[in-house]
Amino acid sequence: MVDYAMDIYRSLNNGEESKEMEENKKTVYAQLEDLKSRAEPLVVLFASDKKVALVQEGTWNVKGITGNGISPDTVETYRQLAKFNYDCGDYTAARDMLNNYISLFASAPDELYSTASFEQADPDLLQALWGRLSCEI
């Protein structure tokens with residue numbers, strides 16, 4: 001989105017560059033790299049065969065993956081990276097990441113629709129569910 005805004009600025013100002021926008025772009029890319037590096041262990045786990053093994057063992061949840069070198073902070077960083085992708089307009093990547101994130105919190109179908117599960121739901125999880133819906137729209 002930053003690049004798009006810079007293109008519009010250039011077209012409106014006869015090709016002139018904006019130093020403020022250039023600094024903003026550097027900040028955005030630095031933040032993106034920071035989130036990517038901190039979420040890397042979880043990104044690798046989602047892409048690995050170990051995920052299948054954890055699902056089959058019934059330990060595919062935040063508590064189950066923390067024994068694999070992933071902390072709850074890494075999971076939170078992954079959610080933030082998904083939101084960052086959404087904010088940048090990469091809705092496909094955000095949707096895929098949110099699907100992965102939500103899968104860590106999936107419950108059995110009879111537990112999923114109980115009133116108590118929604119009353120006790122983590123606000124970050126609810127945001128992820130709404131974010132996934134937004135990506136689909």
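A surface patch here is built from residues with over 30% relative accessible area and no salt bridge, joining like charges within 9 Å and nonpolar side chains (Val, Leu, Ile, Met, Phe, Trp, Tyr) within 5 Å. A salt bridge is a side-chain nitrogen of Lys or Arg within 4 Å of a carboxyl oxygen of Asp or Glu. Accessible areas follow the Shrake-Rupley method with a 1.4 Å probe, and for residues only the protein chains shown count as cover.

The model is predicted: local features need pLDDT of at least 70, side-chain atom pairs count only at pLDDT 80 or more, and totals for chains, interfaces and linings use all residues. Residues are numbered from 1 along each chain as its sequence is written, and side-chain values use heavy atoms, without hydrogens and water.

The chain has nine helices and zero strands. Helices (H or I, at least four residues) and strands (E, at least two) are DSSP runs, numbered from the N terminus.

Leu126, Leu129, Trp130, Leu133 and Ile137 make up a nonpolar surface patch, together about 550 Å² of accessible area. Leucine 133 sits in helix H9, residues 123–136. Threonine 74 belongs to helix H5, residues 72–87. Buried means under 20% relative accessible area, exposed over 50%, partly exposed in between (1.4 Å probe, protein chains only).

| Residue | Relative accessibility | Class |
|---|---|---|
| Leucine 133 | 41% | partly exposed |
| Threonine 74 | 9% | buried |

Setting aside residues up to four places away in sequence, threonine 74 touches Arg38, Ala39, Pro41 and Leu42. Contact means heavy atoms within 4.5 Å. Of the chain's 137 residues, 25% count as buried.
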